[in-house]
Amino acid sequence: MPHPGTGNNGGTTDGTSDPTEGNVAYGRKPFKRSKSHFADRITADGRDGWPVEAGRYRLVVSRACPWASRAVISRRLLGLEDALSLAITDPIQDDRSWRFTLDPGGRDPVLGIRFLSEAYDAREKDYPGGVSVPAVVDVPSGQLVTNDFQQLTLDFATEWTALHRPGAPDLYPEPLREEIDIVMAGVYRDVNNGVYRAGFATGQSEYDAAFRDLFRRLDLLSERLRDRRYLVGDTLTEADIRLFTTLVRFDAVYHGHFKCNRFKLAEDPVLWAYAKDLFQTPGFGDTVDFHHIKHHYYRVHTGINPTGIVPAGPDLSGWLTPHHREELGGRPFGDGTPPGPVPPAEEVPPSGRPEHLLTGSGPAPAPRPPETGPGAPAVRS
């Protein structure tokens, strides 16, 4: 997945590499977030030709990517694990896109492909964009269905209801949708997208504007959350998922790597407690792999971290400390219930969890195959 917003800022999907592109371009060319090229929707009525159907589709994600992590959290909260299988890519990609080198033989066991670009090519050969996650692939045809990261989780909440688990929360309640949309728009523009605008800025004024917008929005969110447990209403919604996936990466990568350093998340008492509350809620923290996150950002963005050195910190044990947000009331799952245990095959390895990764150490992801070069596609992450 090219980073949302970097456009086709990386290697090509056929394995060749444009010397003006690739990861060395991060921080050296203007930042622009690309729109999802494949915006088909999987709906209950199948109006785009893709009906909701248990077992038909496969969700391809990187645990490093905040945009893909939204889909992983939503899928788990709604209990779609049995209906929608999950493929997890290596956090390090090469010029041919996200790769399945974590799987036996380097191939996804369901789709039988080595690179996500193969599913893109099956849908549209040589399309003029990057290969992004999250991506939903039609298993029978092997074709990409959608890479629309903005719409995908909303459809999980509203179109996939027949396949939700008993007790699944309503993550996009109709009476609150207008307010949720307004909150999400600000979070997307200034926070989700803002950290990338700062991190990939090519000039001081561009960086300064992104930095200012980011921390102005974080200040507003901190004030909003001071006396309320969740962003909208008294239950978890899509808005909380979208903010969480940036906050959980903030101190580990955005504060230093993207120069978003007015303060650390852990230095804002409200946002830190809010993020810890979510992290400790089933469906959130149990999907987070800090090892994948750190190795992806610091090793892939060679334009802004040419040495590829992955920092040892920060200490992640604070994610497991008390947050006291329950004192504000609220009902995390509304009239529903928490999700059950993580399926064993989808558990985050010990190397990526705070209780094991207190200083950011741990084994490196699978090494690049020797035939690949140092460049990688711009990936939506």
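**A loop and its surroundings**

Guide: Leaving aside residues up to four places away in sequence, Glu159 touches Arg41, Ile42, Thr43, Ala44, Arg47 and Val52, where a contact means heavy atoms within 4.5 Å. This is a predicted model, in which local features need pLDDT of at least 70 and side-chain atom pairs count only at pLDDT 80 or more, while totals for chains, interfaces and linings use all residues. Residues are numbered from 1 along each chain as its sequence is written, and side-chain values use heavy atoms, with hydrogens and water left out.

Glu159 sits in the loop between helix 3 (149–158) and helix 4, the helices being DSSP runs of H or I with at least four residues, numbered from the N terminus. With a relative accessibility of 15%, Glu159 counts as buried, a word that stands for under 20% relative accessible area, with exposed meaning over 50% and partly exposed in between (1.4 Å probe, protein chains only). The side chain of Glu159 also reaches the backbone nitrogen of Ala44, at 2.9 Å.

Thr161 is likewise placed in the loop between helix 3 and helix 4, but at 44% relative accessibility Thr161 counts as partly exposed. The C-alpha atoms of Thr161 and Leu80 are separated by 9.5 Å, although these residues are 81 residues apart along the chain.

Helix 4 (177–192), in turn, is one of the helices against which the buried residues of helix 6 pack, and those buried residues include Tyr207, Phe211 and Leu214.

Key
Helix = DSSP H or I, 4+ residues; strand = E, 2+ residues; numbered from the N terminus. Polar contact = N/O pair within 3.5 Å; in protein donor to acceptor, adjacent residues only side chain to side chain.
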